[in-house]
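Please walk through this structure with the sequence and the model side by side, following each residue as it is named.

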Amino acid sequence: MIDTVTFAAIEDRYTSGAYTKRPLTLVRGEASTVWDDAGNAYLDLTSGQGVALLGHAHPAVARAIAQQASTLITSAEAFYNDRRAQLYEALSGLFQDERRYFLSNSGAEANEAALKVARLLTGRTGIVAAMRGFHGRTLGALGATFNADYRAPFAGWTPAVSHIAFNDLAAAEAAITDQTAAVIVEAVQGEGGVHLADADWLRGLQRICAERGALLIVDEIQSGLGRCGHWFAVQAAGITPDIVTLGKGIAGGVPMGVTAWRAELGTIPAATHGSTFGGNPLSCAAAIAALTALRDLDAPARSNDLGDWLRGEIAALNLPVVRDIRGAGLMIGIELRTRVTPVLQALQSRGILALPAGKTVLRLLPPLVVTREELTFAVARIAEVLRDAR
Ligand code: PLP
């Protein structure tokens with residue numbers, strides 16, 4: 001307890017102010033459990049903000065990191081590298097078509113690169129994104145993010161983006177023109193409240209983009225890599241976007257962003273983009289191990305089965321405070337008739353960590369290695385808390 005106060009006090013003294021912190025100092029994790037510095041265990045239904053698809057301290061990922069750390073940590077893309085080459089091959093196994101890849105260090109960077117690639121490959125400047133969409137907080141990605149609270153302080157610095165209603169094809173028809181470089185959307189909106197894109201809308205976006213020469217970017221940073229019952233959530237609509245962005249769990253918790261575009265669109269000119277740490281051997285080794293482990297887990301099928309079951313269990317509770325239950329695979333939003341913050345606090349005091357998505361949505365992003373027993377425990381705690389919620 002003394003340590004908690006000490007660590008929290010030190011952080012509070014030095015941190016930027018950008019984050020609203022929860023009063024918990026996490027010091028260790030294993031699979032779906034994390035521990036605080038007083039030794040209390042929590043079931044982590046946040047996956048560390050969606051990152052820990054494989055849970056915490058996955059042995060194969062930890063081994064790969066340790067081995068690469070004592071071999072070669074850093075080597076920029078100015079040189080070729082064995083691990084990076086292997087990662088490109090592993091990534092190409094995720095896609096049905098041939099792709100080009102830009103490797104970076106975060107989700108926002110993956111989207112930043114996607115927007116730059118779209119501009120370079122089309123020569124156009126227009127960007128269309130969706131209302132409630134979240135694409136990150138660097139200036140380019142921030143422009144595509146909808147929430148005005150995030151964008152307003154930087155007005156004038158972010159690119160002009162036309163935000164259209166999610167799932168509204170007529171709005172897309174009107175907004176996408178022969179000046180549009182890119183349309184960027186999530187297949188399942190995460191931060192925006194866990195809303196699924198309609199398959200018809202996604203197919204319509206692809207058609208309109210193809211007709212008008214714009215590129216469709218699907219941001220799979222939160223929804224991808226098996227989280228939503230497919231390798232990419234957009235596969236539910238049967239389409240292959242021009243550009244796909246990945247991040248979060250791609251390297252088993254080590255920072256990495258990936259921007260993958262159709263190879264037939266071509267490469268981008270030298271020096272138009274770059275990153276010192278992008279494609280470094282350490283994160284590439286971690287990503288190879290993570291992708292192998294996700295395949296071994298049969299991540300899409302597992303998240304689909306567990307997610308269907310979990311949504312069913314929550315629905316069966318018939319809780320009056322629940323307005324709606326949405327999601328795909330293990331990306332679940334429970335929309336409440338009340339504010340979510342006290343619910344999150346009550347869950348935490350019962351050993352469950354979960355996320356908000358807006359003010360009234362309880363978001364569950366369990367690790368894909370979570371067990372049915374752990375989820376049964378979670379359902380019981382959620383039932384206790386939501387029965388009391390007003
Ligand atoms: N895109 C989506 C859909 C996200 O959920 C996030 C993060 O939550 C991002 C982009 C930004 O990723 P990062 O925080 O790694 O920059």
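**Backbone exceptions, a sheet and the interior**

Gln-49 is partly exposed, because its relative accessible area is 42%, and in this scheme buried means under 20% relative accessible area, exposed means over 50% and partly exposed lies in between, with a 1.4 Å probe and protein chains only. The model is a predicted one, in which local features need pLDDT of at least 70 and side-chain atom pairs count only at pLDDT 80 or more, while totals for chains, interfaces and linings use all residues. Residues are numbered from 1 along each chain as its sequence is written, and side-chain values use heavy atoms, with hydrogens and water left out.

Gln-49 has its place in helix α2, residues 47-50, where helices (H or I, at least four residues) and strands (E, at least two) are DSSP runs numbered from the N terminus. Although Gln-49 is not a glycine, its phi is positive, at about 65°. Most residues other than glycine have a negative phi. Asn-318, which is likewise not a glycine, has a positive phi of about 50°; Asn-318 is found in the loop between α11 (299-316) and β13 (322-328), and it counts as exposed because its relative accessible area is 64%.

The next feature is a sheet. It is open, has 4 strands in the order β1-β2-β3-β15, and its pairing is mixed; two strands are taken to pair if DSSP finds at least two bridges between them. Its edge strands are β1 (26-30) and β15 (352-353), each of which pairs on one side only. Strands of a sheet pair through backbone hydrogen bonds, either parallel or antiparallel. Between β1 and β2 (residues 33-36) there are 4 bridges, and these two strands run antiparallel, with Asp-36 in β2 as the bridge partner of Leu-26. Strand β2 also pairs with β3 (residues 41-44), again in the antiparallel sense, over 3 bridges, and here Val-34 stands opposite Tyr-42 of β3. These two strands, β2 and β3, form a hairpin with 4 residues between them, and Gly-39 in the turn has a positive phi of about 90°.

Which residues have the most contacts inside the largest nonpolar core? They are Trp-201, Leu-362 and Leu-364, in a core of 92 residues, where a nonpolar core is a set of buried Ala, Val, Leu, Ile, Met, Phe, Trp, Tyr and Cys residues joined through side-chain atoms within 4.5 Å. Helix α10 (residues 281-297) gives the most to this core, contributing 8 residues. Leaving aside residues up to four places away in sequence, Trp-201 touches several residues, among them Ala-130, Ile-164, Phe-166, Asp-168 and Val-185, with contact meaning heavy atoms within 4.5 Å.

Ala-175 lies in helix α8 (residues 169-175) and counts as buried because its relative accessibility is 18%. With residues up to four places away in sequence not counted, Ala-175 touches Val-128, Ser-162, Ile-164 and Thr-180. Ala-175 and His-163 are 12 residues apart in sequence, and their C-alpha atoms are 8.6 Å apart in space.

Aromatic rings come next. The whole structure holds 5 aromatic pairs, where rings of Phe, Tyr and Trp (its six-membered ring) pair if their centres lie within 6.5 Å, with planes under 30 degrees apart counted as stacked, over 60 as edge-to-face and the rest as tilted. The rings of Phe-95 and Tyr-101 have centres 6.1 Å apart and planes at 55°, so this pair is tilted. Phe-95 is buried at 10% relative accessibility, and Tyr-101 is buried with a relative accessible area of 12%. Ring pairs link Tyr-88, Phe-95, Tyr-101 and Phe-232 into a cluster.

Two arginines are placed over tryptophan rings: the charged end of Arg-295 sits over the ring of Trp-231, 5.5 Å from its centre, and that of Arg-372 sits over the ring of Trp-309, 4.8 Å from its centre. A charge sits over a ring if NZ of Lys or CZ of Arg is within 6 Å of the ring centre and within 35 degrees of the ring normal.
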